[in-house]
Every structure is written in C-alpha cells, then in structure tokens.
Amino acid sequence: MQPRQQAWLPGLDTLRATAILLVMMFHLSWLVPESIGKVAHFGWMGVDLFFVLSGYLIGSQLLRAHALDAGTGLWRFYRGRLFRILPAYLVVVALYFTVPSWREAPGISPLWQFGTFTENLFVDYTNNHAFSHVWSLCIEEQFYLLLPLIVLYMMKSPSMRRTIALLSLFVSIGIATRTYVFFHILRPLGPDDAGVKYIEQIYYPTWTRMDGLLAGVTLALIQIFRPAWWSRITDRTHTTLLTGVVLFGISLWLFNDRFTSHTGAAEWGTFIGFPILSTGLAMIVASSLSDNGILHRFPIPGASFIAALAYSLYLTHKEMAHLAQLCFPTLITDDPTWTSRALTSASCLAGAAALHVSVERPFMRLRDLVDRRRVLPLDADPKASPHPPSNYSVQKSSNPSDPSTAN
C-alpha cells in the first residue's frame, strides 16, 4: 500500500530551517556581520532544536504504531533509517578520507569512529577538528538504535508512572554527569584547557546531551497518550510559545559564557541549562504544531527549501566554505566583504543541493519504493498521524525528509 500523502507543517519547516542556519552561523562565524554576531555566538543551540524535532518526530512514529496496535516494526524502522542517513553520510566520509583538500582542518579522528558512529565519545578535540560536527549525528544514530527497543520494552506494560520515572532517570543522569565533570575535571583547569574538556566530556557525549531528544519524545507521549493535555497545550498556543521563548531567554543568560569553569551563570548552565533550553524549545515546537500558532499560520518564504537541504547542509557546509576559501583566496579573507559572504553561502548551498539531488533523494525514493510493497501501520487515520517522520515532507511534494541533526 502506498504511503498516504501527509499534511504540510510549515511551522516545522521554519524551525528546521532556523536550526540549520543557526548552526551554519556558529561554524562560519567569521562570515557573520558584527551586528548579528551575538546570534552566531548562540548558534550552537540550533543542534538542540534539531534534537527536540528528532525526539518528537521519531517518537511519534514509534509510539503511534503501538497506539494503533501495529507494533514497532523494528526492521522497517531501521531500514528506513539506513536508507535515510547512510548514503549521503558515507559519501562525505569517503571524501574526507580520500580527498585531503576536502577537510576543513588537517586532523581527523580514526575511520572506525565514523563507521561506528562513536566519534562523539572518543574525540581528541585538541588535535582532530575535521568533521567533528558529526558528533550530533552520532547521538542521533544511537538514539535511533535504542529508542525502538526501549519503546518495545515499555509498551509491554504501559504505565505513566514508569514512563515518567524513566524520563526522569535519563535527565538525572545528564545533570549528575555534568555536575561531576564540572567539579572534578573542569574547575581545576584553566579557561583554555577547560574549554577543550567541556567539549569532550560535556558537550559531545551522549549521556550528557539527551535532554533535547527526551523533550521531543515527551511531546510525542503527551500528544498520543494524553490528548486532553495536548489540546490544552496547543489551544493556548500563544501562551505556549511565550513560555518557550522565556525559557529560551533564560538559557541565553545561563550559556552566555558556557566555557567558564569557575562561578556565575555558566556554572548553573552546565548543571541545569540543557534541560531548561530543551524544555523551552519543546514548547516552541508544540506551538508550531497548532493551527493557530504563529509559525504555522505565517510560513516563511524559502524555509521549505532550506529545510529540505538541512541534512546535506549539515554534512557539507564547513567543507564547502573551506573549499571556497581555497578557490577564491583573494575574495575570502579574515575581513569578509558582502561578496565573499555571498560566494561562501552560494558554495554551501550548491554543495548541499548536489548531495541532496544525487544521493539523498534517490535513496529516499528507493526507501519509499520498498515500503510501498508493504502495508504501513501508520496509514490508518490521517488525522491521527499528521506527520510521521518516515514520510514527513518539508515540502508539498512526495519527497520525504526527516529531522536529521545538524552540527
């Protein structure tokens, strides 16, 4: 049976496009005009937005299948992830290890870390910067591997109390680990060394960065199993959005200097900043899903296009900017002009579009072709499942996409 065409959700397009643009501004901060330099300073938060989107969309797919008594469909789920993530990823990894000029930095982690999606757990950030932004994709892949198994286990005996306890446990693990690292590793070090250790032991590891994914899964749980709660959240969409913005603002204050290893707001940001940030972003995502939400009612021109390219942009933007510098050294300097900014941006878009058209899209079509030969459990009620991520489309078209991360 052919998958049902899903409703277009412009709010999610806007958030997905915003997330990748924030990440690009953070990584290519040398291109950003000084007037919006503060935005680039916090651009890393785009990754947390991707985590929330992934947690919500992937969680919705798995949980709704159980709600419809269709089962998880582990092989179908994993097969869909393989078709979606691996082809473009492997092409980029191959370029890193066969074309030295492709690398934006000379040092790179061993190939086995990229092949096993464990680069985020063993990175030597002092020496290996090339393709280090793959850390967030590693967390996503580990999430894709484990969540279906956890859902399968938890749904054998569904219980709100057990679910809340499990979510609280994962959040507590993150807080406890970050607190331990702060007091026993970061605080004794100077600012320079503390910054590297912050990246390696707080910012990259999976067990300290689960908050966004958990917040997204929580949204999916509420929507599917507590529809009355979900209605209250989405019916009060402006209050929900405002609450999310306030929590996001608190996060900006907490993370203003996230590498500080001694006292002040950064200390609390290390402890509890990520749960607060993730909760705020989850509220913003929830508001975007309401028909009355500002992000839903007022689509931003071009957002769907950027959202469609988000995964390819994530994989290639640092490398394409590096190649632009190599090819046009007289135009792209440490003091960029608007010409160099436009040239670098065009290079990033061109590289992403080439990867999307030549690799991403053909394999997504192949995935859909395989799925059409089977009865899909999510093809039951279009109102009950407006946006399962296996068929989630960022455009009013048949080209499927999903919330793969960027950073």
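Modeller: Buried means under 20% relative accessible area, exposed over 50%, and partly exposed in between, with a 1.4 Å probe and protein chains only.

Biologist: Why is arginine 367 called buried?

Modeller: Arginine 367 has 2% relative accessibility, so it counts as buried. Its salt-bridge partner is aspartate 368, with the closest N and O atoms 3.5 Å apart. Aspartate 368, at 7%, counts as buried too.

Biologist: What kind of model is this?

Modeller: It is a predicted model, in which local features need pLDDT of at least 70 and side-chain atom pairs count only at pLDDT 80 or more, while totals for chains, interfaces and linings use all residues. Residues are numbered from 1 along each chain as its sequence is written, and side-chain values use heavy atoms, with hydrogens and water left out.

Biologist: What makes the pair of arginine 79 and aspartate 371 a salt bridge?

Modeller: A salt bridge is a side-chain nitrogen of Lys or Arg within 4 Å of a carboxyl oxygen of Asp or Glu. For arginine 79 and aspartate 371 the N to O distance is 2.7 Å, and the side chains meet in a salt bridge. Arginine 79 lies in helix α4 (residues 74-98) and aspartate 371 in helix α17 (residues 338-371), so the pair ties together parts that are 292 residues apart in sequence. Helices here are DSSP runs (H or I, at least four residues), numbered from the N terminus.

Biologist: Are arginine 79 and aspartate 371 buried or exposed?

Modeller: Arginine 79 has a relative accessible area of 7% and is therefore buried. Aspartate 371 is at 4%, so it is buried as well.

Biologist: How many salt bridges does a search of the whole structure find?

Modeller: The search finds nine. One of them joins arginine 209 to aspartate 48, with 2.9 Å between the closest N and O atoms. Arginine 209 sits in the loop between α9 and α10 (211-225) and aspartate 48 in helix α3, so this pair ties together parts 161 residues apart in sequence.

Biologist: Why is the pair of tryptophan 44 and phenylalanine 255 called edge-to-face?

Modeller: Rings of Phe, Tyr and Trp (its six-membered ring) pair if their centres lie within 6.5 Å; planes under 30 degrees apart count as stacked, over 60 as edge-to-face and the rest as tilted. The centres of tryptophan 44 and phenylalanine 255 are 5.0 Å apart and the planes are at 85°, which gives an edge-to-face pair. Tryptophan 44 is buried at 1% relative accessibility, and phenylalanine 255 is buried at 2%.

Biologist: What makes the pair of tryptophan 135 and tyrosine 203 tilted?

Modeller: Their ring centres are 4.8 Å apart and their planes stand at 50°, so the pair is tilted. Tryptophan 135 lies in helix α7 (residues 135-154) and tyrosine 203 in helix α9 (residues 191-203), so the pair links parts 68 residues apart in sequence. Both residues belong to one aromatic cluster, whose members include Trp44 and Phe255.

Biologist: Why is tryptophan 253 called exposed?

Modeller: Its relative accessible area is 59%, so tryptophan 253 is exposed. This residue lies in helix α12 (residues 237-254).

Biologist: What is the average pLDDT of the chain?

Modeller: pLDDT is the predictor's confidence in each residue, from 0 to 100. The chain averages 87, and 87% of the residues score at least 70. Over residues 1-6 the pLDDT is below 50, and over residues 375-401 it stays under 50. Where pLDDT is low, the predicted coordinates should not be read in detail.

Definitions and conventions:
Helix = DSSP H or I, 4+ residues; strand = E, 2+ residues; numbered from the N terminus. Contact = heavy atoms within 4.5 Å.
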